[in-house]
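Please keep the structure open while you read.

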Amino acid sequence: MENKKYVIAMDQGTTSSRAILFNERGEIVSMVQHEFRQIFPQPGWVEHDPMEIWSTQMGVTMEAMQKIDAKSDEIAAIGITNQRETTVVWDAETGRPVYNAIVWQCRRTADMIDRMKEEGWEEKIKEKTGLVLDAYFSASKIAWILDNVPGAREAAEAGKLRFGTVDSWLIWNLTDGAVHATDYTNASRTMLFDIHKLCWDREILDYFGIPESMLPEVKPSSCIFGDTEKFGGAIPIAGAAGDQQSALFGQCGFESGDVKSTYGTGGFLLMNTGHDAVRSKQGLLTTIAASDGERVNYALEGSVFVAGAAIQWLRDEMRMIRTSPQSEEYCRAVPDTDGVYVVPAFSGMGAPYWQQYARGTIVGLTRGVTKDHFIRATVESLAYQTNDLIAAMKDEACLEINSLKVDGGASANDFLMQFQSDISNVKIERPMCVETTALGAAYLAGLAVGYWKSKEDIKQNWQREKEFVPSIDDERRRRLLKGWRRAVKCAVYWASEDNEDD
Ligand code: ADP
């Protein structure tokens, strides 16, 4: 490993492809990012061009290497992390996609999923895959391509097509079609994978009419998938994981009870539950966590649909702030929200409420309420929603949360982090390196090739930038949370059609 200076993380996200070179201390030495086209062929439909995903990812990787004049023999390994669930189907012979990538956000298969619900598949899907039956996951997207692209089903049945999530698509291209593989975390988001038996599920495949010959081999997140010759000399591709699982790994969330919370456009909370796959009754997802051994770890996952997006709404629609960071000044200008709650249920509410028709609600207005209060209540809503997930996870996993590791754009807001710590009564730790998604992929790859010796080695790299500890008493916390619960009830009540007194 002497001449190996760096590990490359390919971070293939929903709106951009990025490449980051990390050194042994887990520090960023070079980073390049490139956005690519979002394709909206119809309302509710979202696609990407798989060739553009590939070309932008190649482009940023080469540029990031060139920027510091890194040569292929200085790269110990490549790790891949990717937007999850997004579905690519391609021709095994030519390597050409038969259709655009259908993106996780795409709702085109909602009817197919409704039919499955009527046929009573919900419990079985939950039991086998750990997921809530939904169009979000890859399964129905693959079926849609086979049903709608002329000749696709025949070609698939003749063994001529391949399916992959974005990690597989990149690995296939990086190895010139020699390797068709994915990792456990990505497989666990397809809704085709039995997370307990760790194999593709025949019964679900049959339902969707997906031939097994299309599917990638499933491997541990940290292992050598194959070599790529695309950057001058052979470099091992040695890690792959879906973005959220990669971030948990990048935050050193290796042990049961470790939790990370991401405050991006949406929010994601993941809790490592060790070797136990905890089955949720409150609508959290059970999923496979990235780990470095052969044995898989599981995680509970919950998401907040509108997190940073509520801050964007304050900026772009309400025009109350010019920049997102500015929200913090307004929050600090008042001692509290004066009893105002904003519930940003713009597109329904997820776990633990699962009210798809709930709508955004503002309660508690009086004549004295100002813009400061309003902004503060909106910022606080990110913390309340995250707290609902924390409470559900604590309850279901029967694990205490000792500390919460945070990342994502809005985690830079100190007011928000302090408020989260206060209402959740938990210590919050914000790392120096907030590029945790890419870092996780780098760690997975580096561990597989011995660039890092062990997870203990890696833990030395995790450095705290700032810590937030609870500063309010139980009574105040109880009152604040009670108000939030009542506000949520209003958001749900408003949307239900058959309220008695209407
Ligand atoms: P994504 O990866 O989902 O695109 P990011 O992790 O880049 O998101 O975070 C961007 C989000 O964070 C935006 O919604 C933005 O409004 C919000 N944000 C960024 N900085 C702050 C801040 N200081 N306070 C509150 N929200 C912020």
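1. The second largest cavity has a volume of about 30 Å³. A cavity is a set of points, on a 1 Å grid over the protein atoms alone, where a 1.4 Å probe fits but cannot get out. The volume is the space filled by probe spheres set on the points, with grid points joined across faces, edges and corners. This is a predicted model: local features need pLDDT of at least 70, side-chain atom pairs count only at pLDDT 80 or more, and totals for chains, interfaces and linings use all residues. Residues are numbered from 1 along each chain as its sequence is written, and side-chain values use heavy atoms, with hydrogens and water left out.

2. Which residues line the second largest cavity? They are Y184, P220, S221, I288, A289, A290, S291, G293 and V296. Lining residues have an atom within 4 Å of a point. By class, six are nonpolar, three polar and none charged. Ala, Val, Leu, Ile, Met, Phe, Trp, Tyr, Cys and Pro count as nonpolar; Asp, Glu, Lys and Arg as charged; the others, Gly among them, as polar.

3. The structure has two cavities of 30 Å³ or more. Helices (H or I, at least four residues) and strands (E, at least two) are DSSP runs, numbered from the N terminus. The largest share, three residues, comes from α12. The lining of the largest cavity has nine nonpolar, four polar and one charged residues.

4. Now the ligand. There are 13 residues around it, and T265, G308, S324, G409 and N413 come nearest. A residue counts as near if one of its heavy atoms lies within 4 Å. Helix α10 (residues 308-316) gives the largest share of this shell, four residues. The shell divides into four nonpolar, nine polar and no charged residues.

5. Check the polar contacts (pairs of N or O atoms within 3.5 Å). A polar side-chain atom of S324 lies 2.8 Å from an oxygen atom of the ligand. A backbone N or O atom of G308 is 3.0 Å from a ligand oxygen atom. For A410, a backbone N or O atom lies 3.4 Å from an oxygen atom of the ligand. The protein buries 67% of the 590 Å² that the ligand exposes when taken alone. Such accessible areas come from the Shrake-Rupley method with a 1.4 Å probe.

Technical notes
1 Å grid on protein atoms, 1.4 Å probe; cavity = no way out; pocket = protein on both sides within 12 Å on 5 of 7 lines; lining within 4 Å. Polar contact = N/O pair within 3.5 Å; in protein donor to acceptor, adjacent residues only side chain to side chain.
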